Amino acid sequence: MKNIQITDVRHLPGDSGFLIHNENTAILYDTGFAFTGYKLAENIKNVLGNRPLDYIFLTHSHYDHAAGTPYVHKAYPNAKVVASEYANTVFLRPTARARMRDLDRKFAAKCGVEEYEDLIDELRVDIAVKDGDELNCGDMTFRVIALPGHTKCSVGFYLKESKLLLGSETLGVYFGNNTYLPSYLVGYQMTMNSFNKAKELDIESILLPHYKAVHRSEAKIYLANSEKVSRNTAEMIKTMLSKGKSKEEIATYFKNHIYKDNVAPIYPIDAFELNTSIMINLIESELM
């Protein structure tokens, strides 16, 4: 990735926020929680100094990826927010903003933060994009890659000249220590199709939203392992359901066997339990 740096500017490990920057252009990839938004903006300032932030790319509409956007805008009002057309429609829904607000407050409380400024209603998208669109960002040109499966609005951004894919949770979530979690919430086959789409790209590096960038052989290993875990988890859920296990029993199994060690400090328990129940229902409806 000639002349391009990727800098972790997250405030908490479970946050999502990375700077992709060179001497001419600075892009923030995801903005994390609302309650850490101002801290994220401070971290960006520490990296960029007096330079502007030019763009904010959002992978999807979930609160732990997008709720910090208005707080970053306070510091960088001219930064253009880029998200999928579908994410833009989600952000306009009062019910969606209320859900983001509720989940953010719950996790903030668990982190010891009870009071903070509420800017969720100021969340906006300046450039709504779709699959195949090209974004000319200074001297970097990204192609929008629709990656539905985690959400309908999930996207990645591919920088061909550097063979860099800014990834999406549809391609799984990595917690280090060989721990991969699938995250298909709206479509299992959608997710498998998105893996196929990613594998067709000439990739040397992938930026994983909750982790960091992985390079060369590690990037290829990540894609292969994450796809395998996604398939195996679906088969496990399907098998347990076919053997008469209740959805509650399956959810408890996943919590007892997965929600520990390096996962628990990063993954909010409310989100883990909600997403697990959604995946179980999804596999039942789609594969059985």
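Reader: In which hand does α7 pass α8?

Author: The crossing of α7 past α8 is right-handed. By class, seven nonpolar, one polar and one charged residues make up the contact of α7 with α8. Please bear in mind throughout that this is a predicted model.

Reader: How are two packed helices described?

Author: Two packed helices are described by the angle between their axes and by the distance between those axes. In the present case, helix α7 covers residues 217–242 and helix α8 covers residues 247–258. Their axes lie 10 Å apart, and the packing angle is about 140 degrees. Angles over 145 degrees count as roughly antiparallel, and α7 and α8 are therefore oblique to each other.

Reader: Which residues of α7 and α8 meet?

Author: From α7 come Thr-233, Met-236, Ile-237, Met-240 and Leu-241. Facing them in α8 are Lys-247, Ile-250, Tyr-253 and Phe-254.

Reader: At what angle do the axes of α6 and α7 cross, and within what distance do they come?

Author: Helix α6 spans residues 188–199, and its axis crosses that of α7 at roughly 165 degrees. The two axes come within 11 Å. The helices α6 and α7 are therefore roughly antiparallel to each other. In this pair, α6 passes α7 in a left-handed crossing. On the α6 side the contact is made by Tyr-188, Met-192, Phe-195, Asn-196, Ala-198 and Lys-199. On the α7 side Leu-223, Ser-226, Glu-227, Ser-230, Arg-231 and Ala-234 take part. Sorted by class, the contact of α6 with α7 holds six nonpolar, three polar and three charged residues.

Reader: What shows where empty space is left?

Author: Rolling a probe the size of a water molecule over the atoms shows where empty space remains. In this structure, the largest pocket holds about 650 Å³ of space. It is lined by 30 residues, and the closest to its centre are Ser-61, His-62, Thr-151, Leu-185 and Asn-275. The elements giving two or more residues to this lining are α2 (63–66), α4 (85–91), α5 (94–110) and α9 (269–287).

Reader: Which element gives the largest share of the lining of the largest pocket, and how do its residues divide by class?

Author: The largest share comes from α5, with five residues. By class, the lining of the largest pocket has 17 nonpolar, eight polar and five charged residues.

Reader: How much space lies in the second largest pocket, and which residues lie nearest its centre?

Author: The second largest pocket contains about 320 Å³ of space. Among its 18 lining residues, Tyr-180, Leu-181, Val-229, Thr-233 and Ile-258 lie nearest the centre. Thr-233 of α7 also belongs to the contact with α8. At least two residues of the lining are supplied by each of β12 (180–181), α7, α8 and α9. This lining has 12 nonpolar, six polar and no charged residues.

Reader: How many cavities of 30 Å³ or more does a search of the whole structure find?

Author: A cavity is a space where the probe fits but cannot get out. The search of the whole structure finds two of 30 Å³ or more. The largest cavity has a volume of about 40 Å³. Its lining consists of Tyr-63, Leu-103, Lys-106, Phe-107, Lys-110, Pro-268, Ile-269 and Asp-270. Helix α5 gives the most to this lining, with four residues, while α5 and α9 each supply at least two. By class, the lining of the largest cavity has five nonpolar, no polar and three charged residues.

Reader: Which residues line the second largest cavity?

Author: The second largest cavity holds about 30 Å³ of space. Glu-169, Gly-172, Val-173, Tyr-174, Leu-208, Pro-209, His-210 and Tyr-222 form its lining. These residues divide into five nonpolar, two polar and one charged.

Notes:
Residues are numbered from 1 along each chain as its sequence is written. This is a predicted model: local features need pLDDT of at least 70, side-chain atom pairs count only at pLDDT 80 or more; totals for chains, interfaces and linings use all residues. Side-chain values use heavy atoms; hydrogens and water are left out. Axes are lines fitted to C-alpha atoms, for helices over the stretch in contact, and angles run from 0 to 180 degrees between N-to-C directions. Angles under 35 degrees count as roughly parallel, over 145 as roughly antiparallel, 65 to 115 as roughly perpendicular and the rest as oblique. A crossing is left-handed if the near helix is turned anticlockwise from the far one by less than a right angle, and right-handed if clockwise. Contact means heavy atoms within 4.5 Å. Ala, Val, Leu, Ile, Met, Phe, Trp, Tyr, Cys and Pro count as nonpolar, Asp, Glu, Lys and Arg as charged, and the others, Gly among them, as polar. On a 1 Å grid over the protein atoms alone, a cavity is a set of points where a 1.4 Å probe fits but cannot get out, and a pocket is an open set with protein on both sides within 12 Å along at least five of seven lines; lining residues have an atom within 4 Å of a point. Grid points are joined across faces, edges and corners, and a volume is the space filled by probe spheres set on the points.
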